[in-house]
Amino acid sequence: MRVLAAGDRFVLPDLLAGALDAELGRAAEVRRLELPWPEVPFGPVAEVDEASGDEDTMIGALEGMDACVTQMAPVTAKVLDNAPGLRLVAVARGGPVNVDLAAATARGVRVCYAPGRNATATAEYTVGLMLAVLRRIPETHAALAGRREWGGRYYSYEATGLELEGTPVGLIGGGAVGGRVARILAGFGADVRVYDPYLPGGGDIGLEELLRRSRVVSLHARLTAENRGMIGARELALMPPGSVLVNCARGPLVDEDALCDALESGHLMGAGLDTFAVEPPPAGSRLFGLPGVVMTPHLGGASRAVAERAARIVAAEVGRLHRGEPLAHCLNPG
């Protein structure tokens, strides 16, 4: 098997190559290619999205290859047209948006992905954001480390935050990430309820009731046409005064203007945001400088374990192809 390991600065080419070696040994001849993400932001390339690199580089690198393992490489119709021997593209992420699936299917190229690769990392990060907002950790760090203020005022009753133990926490989405968040919060003693229309019975509770009873609401839903903007002014108004919203899922699930209104009015105590309607947020975003807001640059799924796990998942698919076994996570099995 001749395999292109088209890595980047997160899922390294050497990680991909090492996983292929562990899976196939001498049966794999690996060519390495390093793409510029995240030093250069990903974006659309021809008809695919969230890609890093360019078509001509990929065409050259794929010459003579049987398979490609990658996270961000653009696999467009043009690239596929110039890779006649290619049989498999295994994408080390939760969805292969950087691959033209229709074009691959038409050319008999199987496309695999890595479901659940970052579920644990995102769940842990979500709880970290909750704690950061509830206990004002970044704000008090900035006061002490940045301004040399001991910050005795943060001991005043009004300035103190909430504990997770005993606090009603509502999770919107109970899948791979939401389910892990629920298990972690159970260890803290939080009172957790889940709304998920895709679970039997829709979860523990209806959406409006979840919003009314939860001091912390955390989003764990995939973005669809139906749920875009699902948390708007009406939904935020249902949350108890002094509540917190956390979003490590997708930014467009939330109406950001409505969220800013709720924060500015004091109805919400704070928000923990790892995803945004536009990434990165524009310089004039109202979110910058709002009290109680903790913002991070879409890092919830970024851990070394994620990169290593993703490499193993895609290498295993190449191994299955080599042995003639059914592929585990194939979108177009044919």
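Helix H1 (residues 13-24) packs against helix H11 (residues 304-323) with the two axes 8 Å apart and at an angle of about 40°. That angle makes H1 oblique to H11, because angles under 35 degrees count as roughly parallel, over 145 as roughly antiparallel, 65 to 115 as roughly perpendicular and the rest as oblique. The model you are looking at is predicted: local features need pLDDT of at least 70, side-chain atom pairs count only at pLDDT 80 or more, and totals for chains, interfaces and linings use all residues. Residues are numbered from 1 along each chain as its sequence is written, and side-chain values use heavy atoms, with hydrogens and water left out.

Helices (H or I, at least four residues) and strands (E, at least two) are DSSP runs, numbered from the N terminus. Axes are lines fitted to C-alpha atoms, for helices over the stretch in contact, and angles run from 0 to 180 degrees between N-to-C directions.

Next comes another helix pair. Helix H5 (residues 119-134) and helix H7 (residues 176-188) have axes that come within 8 Å and cross at roughly 50°, and are therefore oblique to each other. Their crossing is right-handed. Among the residues in contact are Ala123, Val127, Met130 and Leu131 of H5, along with Val177, Val181, Ile184 and Phe188 of H7. The contact of H5 with H7 has 11 nonpolar, three polar and two charged residues.

Now to the spaces inside the fold. The structure holds one cavity of 30 Å³ or more, and the largest cavity has a volume of about 30 Å³. On a 1 Å grid over the protein atoms alone, a cavity is a set of points where a 1.4 Å probe fits but cannot get out, and a pocket is an open set with protein on both sides within 12 Å along at least five of seven lines; lining residues have an atom within 4 Å of a point. Grid points are joined across faces, edges and corners, and a volume is the space filled by probe spheres set on the points. Asn247, Gly251, Val254, Glu256, Leu259, Leu273, Thr275 and Phe276 line the largest cavity. The second largest pocket holds about 340 Å³ of space. Of its 16 lining residues, Arg135, Thr140, Tyr154, Tyr155 and Thr160 are the closest to its centre.

| Peptide bond | Omega | Loop holding the proline |
|---|---|---|
| Trp37 to Pro38, cis | near 5° | between strand S2 (29-34) and strand S3 (43-45) |
| Glu279 to Pro280, cis | near -5° | between strand S12 (268-273) and strand S13 (293-295) |

Glu50, in strand S4 (residues 48-51), has a positive phi, near 50°.

Technical notes. Left-handed = near helix turned anticlockwise from the far one by under 90°. Contact = heavy atoms within 4.5 Å. Nonpolar A, V, L, I, M, F, W, Y, C, P; charged D, E, K, R; others polar.
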